[in-house]
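The following paragraphs lead the reader through one protein model, from its overall layout to the packing of its elements. Please keep the structure in view while reading.

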Amino acid sequence: MTHHSVMVVKRRGQRESEPFSEEKLKQSIIAACLAVRGHEGNAELTATSIVQAVSLWLNNKAEVTTADIKQITHDKLHVHHPDSAYY
């Protein structure tokens, strides 16, 4: 599920908006999990699950902020991998 039509407004509007990227979010989540010494396979599964949840949340939106994505990701990640949610 890709959301190329959902635009992400960058923090404080200092940079141009860009299309939401599931891959970019997934890689960020994996990096957070690995940074707190999570296992690679678990990081991948966690990231896939959270990206799906965020994608569902984006379903009826045309534009969101990076803060919106960060908050929903944090909330979901806190359930699956609390240590990386802080990171």
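Helices here are DSSP runs of H or I with at least four residues, strands are runs of E with at least two, and both are numbered from the N terminus. With that convention, S84 belongs to helix α4, which spans residues 82–86. The model is a predicted one.

The protein chain contains four helices and three strands, and along the sequence these elements follow the pattern β-β-α-α-β-α-α. Of the 87 residues in the chain, 33% are buried. Among contacts between residues at least 6 apart in sequence, 56% join residues at least 24 apart.

The strands form an open sheet of three, ordered β2-β1-β3, with mixed pairing. Strands β2 (18–19) and β3 (63–65) lie at the edges and have a single partner strand each, so one side of each is left without a neighbour in the sheet. Strand β1 (residues 7–9) runs parallel to β3, and three bridges join the two. Within this pairing, V9 has T65 of β3 as its bridge partner. Helix α3 packs on the sheet, where it touches β1 and β3, and its direction makes about 75° with that of β3.

The helices may now be taken pair by pair. Two packed helices are described by the angle between their axes and the distance between the axes.

For α1 and helix α2 (residues 40–58), the packing angle is about 140° and the axes are 8 Å apart. Since only angles over 145 degrees count as roughly antiparallel, α1 and α2 are therefore oblique to each other. Their crossing is right-handed. From α1, the residues E22, L25, K26, I29, I30, C33 and L34 make the contact, and from α2 the residues E40, A43, E44, T46, A47, T48, I50, V51, V54 and S55. By class, this contact of α1 with α2 comprises 10 nonpolar, three polar and four charged residues.

Helices α2 and α3 pack at an angle of about 135°, with a distance of 10 Å between their axes. This pair is therefore oblique as well, and α2 passes α3 in a right-handed crossing. On the α2 side the contact involves T46, S49, I50, A53, V54 and W57, and on the α3 side D68, I72, T73, K76, L77 and H80. The contact of α2 with α3 has six nonpolar, four polar and two charged residues.

The remaining pair to consider here is α1 with α3. The axes of α1 (residues 22–35) and α3 (residues 66–80) come within 12 Å and cross at roughly 50°. The two helices are therefore oblique to each other, and the crossing of α1 past α3 is right-handed. Here L25, I29 and C33 of α1 meet I69, T73 and L77 of α3. The residues of this contact divide into five nonpolar, one polar and no charged.

Which residues does S84 contact, leaving aside its neighbours within four places in sequence? They are A32, C33, V36 and L77. Of these, C33 and L77 also take part in the contact of α1 with α3.

Key
Residues are numbered from 1 along each chain as its sequence is written. This is a predicted model: local features need pLDDT of at least 70, side-chain atom pairs count only at pLDDT 80 or more; totals for chains, interfaces and linings use all residues. Side-chain values use heavy atoms; hydrogens and water are left out. Axes are lines fitted to C-alpha atoms, for helices over the stretch in contact, and angles run from 0 to 180 degrees between N-to-C directions. Angles under 35 degrees count as roughly parallel, over 145 as roughly antiparallel, 65 to 115 as roughly perpendicular and the rest as oblique. A crossing is left-handed if the near helix is turned anticlockwise from the far one by less than a right angle, and right-handed if clockwise. Contact means heavy atoms within 4.5 Å. Ala, Val, Leu, Ile, Met, Phe, Trp, Tyr, Cys and Pro count as nonpolar, Asp, Glu, Lys and Arg as charged, and the others, Gly among them, as polar. Two strands pair if DSSP finds at least two bridges between them. Buried means under 20% relative accessible area, exposed over 50%, partly exposed in between (1.4 Å probe, protein chains only).
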